[in-house]
Amino acid sequence: MMAHPPELAENLVGWFLPPACREEVLGDLCESYENVLQYALGAATVVPRVVFSQIRRNTGLWSFLLTTCGVSYGVAAGVFHLSLEGHPGALLRVAIPVIPAVLILLIRNGYAALEDRRRRAITLDVTVAMGAAALTQLILFAAARSDLMLLRWWPSGDTALAWLFIIVLRAIFPPEAKLPPARGSVS
Amino acid sequence: MANTETLGSFEQIVLTALLLLSDNAYGVTIREKAAALSHPKKVSIGAVYVTLDRLEEKGLVSSWLTEPTPERGGRAKRCYRLEPPGRRALEEAAVTARRIWESTATVWGRNWAKEGGAK
């Protein structure tokens, strides 16, 4: 009888794999199984690559650029009422929270599936991304107190506008998941 | 001459593996064949997935899922097939490789390649 990986290990790896390639990758890892360590090392090298590949495949250039602009506007809206004079590098500092927010949205693109088209999933993705931006702001503020750390970022109307813009954008141009064809379509 | 895709060296290896495996080309077998072709370089299955994904996006290969099998823990295989544009791109790459081999052989001697080339 062939050795199979522990169910727990398979479930864990399956949780990290994008749905579009979960089936075949888990099958290939199972077929190549020798021991738990080899399985873990194999999975550790495969998962980041397939996630990156799915992100690249599911993310449209224009959608990505518009999303980045939307997130940047949402974050930068918090400093529109502040004078940036005497704060060299202020805009660069403001750009920092944009990075985790955009990264979260990109990673969600990698895990896109048909159900991601649901309004609730889109809203959740964008809310988590904007939340990550806000959290980064708070960490930066705690690390180095400054007006530019945007404590008044939360109630900004422009931020809410940017949040809505990204939701609408992702609803109109959802990440295009390349789901596997139906089983049994062997030719 | 029809415009064909320019292939990277690992893409050429993966397409050659698909050509050799014909109906039995899926992740594990493609990696094994690609590793044999790339010897002594090591080939990770992750690199194979990424390359296959890119080749499929370019329309050079196509894929489909088979029925699940017990030896794979009840999981399906994703099988791959070389499509006509992929075959053309591979032919072009092979012609270029042959030209390179012939050119280098005039300088280094034909026995160089037969003896295994640079080790």
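Visitor: Which handedness does the crossing of H3(A) and H3(B) have?
Guide: This is a predicted model. In it, the axes of H3(A) and H3(B) come within 8 Å. Where H3(A) passes H3(B), the crossing is right-handed.

Visitor: Are H3(A) and H3(B) roughly parallel or antiparallel to each other?
Guide: Their axes cross at roughly 20°. Angles under 35 degrees count as roughly parallel. H3(A) and H3(B) are therefore roughly parallel.

Visitor: How many residues of the contact of H3(A) with H3(B) are charged?
Guide: On the H3(A) side, the residues include A:Arg49 and A:Arg57. On the H3(B) side, they include B:Asp53 and B:Glu57. The contact also holds 6 nonpolar and 4 polar residues. The charged residues number 4.

Visitor: Which helix gives the most to the side of chain A that touches chain B?
Guide: The contact takes 26 residues from chain A and 21 residues from chain B. Helix H2 (22-31) and helix H3 (36-58) of chain A each supply at least two residues of that side of chain A. The top contributor gives 8 residues, and it is H2(A).

Visitor: How do the residues of the side of chain A that touches chain B divide?
Guide: That side holds 26 residues. They divide into 9 nonpolar, 9 polar and 8 charged.

Visitor: Which peptide bond in chain B is cis?
Guide: Most peptide bonds are trans. Here omega is about 10°. The cis bond joins B:His39 and B:Pro40.

Visitor: What phi does B:Ser22 have?
Guide: Most residues other than glycine have a negative phi. B:Ser22 is not a glycine, yet its phi is positive. B:Ser22 is found in the loop between helix H1 (9-21) and H2 of chain B. Its phi is about 40°.

Visitor: Is B:Ser22 buried or exposed?
Guide: B:Ser22 has 9 other C-beta atoms within 10 Å. A residue counts as exposed with 12 or fewer. B:Ser22 is therefore exposed.

Visitor: Are H4(A) and H8(A) roughly parallel or antiparallel to each other?
Guide: Helix H4 (residues 61-76) and helix H8 (residues 157-172) of chain A have axes that come within 8 Å and cross at roughly 165°. The crossing is left-handed. Angles over 145 degrees count as roughly antiparallel. H4(A) and H8(A) are therefore roughly antiparallel.

Visitor: How many residues of the contact of H4(A) with H8(A) are nonpolar?
Guide: H4(A) brings residues including A:Leu66, A:Val71 and A:Tyr73. H8(A) brings, among them, A:Trp163, A:Phe165 and A:Ile166. The contact also has 5 polar residues and 1 charged residue. The nonpolar residues number 8.

Visitor: How many helices does chain A have?
Guide: From the N terminus on, the elements run α-α-α-α-α-α-α-α. Chain A has 0 strands. The helices number 8.

Visitor: Over which residues of chain A is the pLDDT below 50?
Guide: The mean pLDDT of chain A is 80, and 76% of its residues reach 70 or more. The stretch below 50 has 9 contacts in the model beyond near neighbours in sequence. Where pLDDT is low, the predicted coordinates should not be read in detail. The stretch is residues 182-187.

Terms used. Residues are numbered from 1 along each chain as its sequence is written. Chains are lettered from A and ligands numbered from 1 in the order in which they are written. This is a predicted model: local features need pLDDT of at least 70, side-chain atom pairs count only at pLDDT 80 or more; totals for chains, interfaces and linings use all residues. Axes are lines fitted to C-alpha atoms, for helices over the stretch in contact, and angles run from 0 to 180 degrees between N-to-C directions. Helices (H or I, at least four residues) and strands (E, at least two) are DSSP runs, numbered from the N terminus. Angles under 35 degrees count as roughly parallel, over 145 as roughly antiparallel, 65 to 115 as roughly perpendicular and the rest as oblique. A crossing is left-handed if the near helix is turned anticlockwise from the far one by less than a right angle, and right-handed if clockwise. Two residues are in contact if their C-beta atoms, placed from the backbone, lie within 7 Å. Ala, Val, Leu, Ile, Met, Phe, Trp, Tyr, Cys and Pro count as nonpolar, Asp, Glu, Lys and Arg as charged, and the others, Gly among them, as polar. A residue is buried if 20 or more other C-beta atoms lie within 10 Å of its own, exposed if 12 or fewer, and partly exposed in between; C-beta atoms are placed from the backbone. pLDDT is the predictor's confidence in each residue, from 0 to 100.
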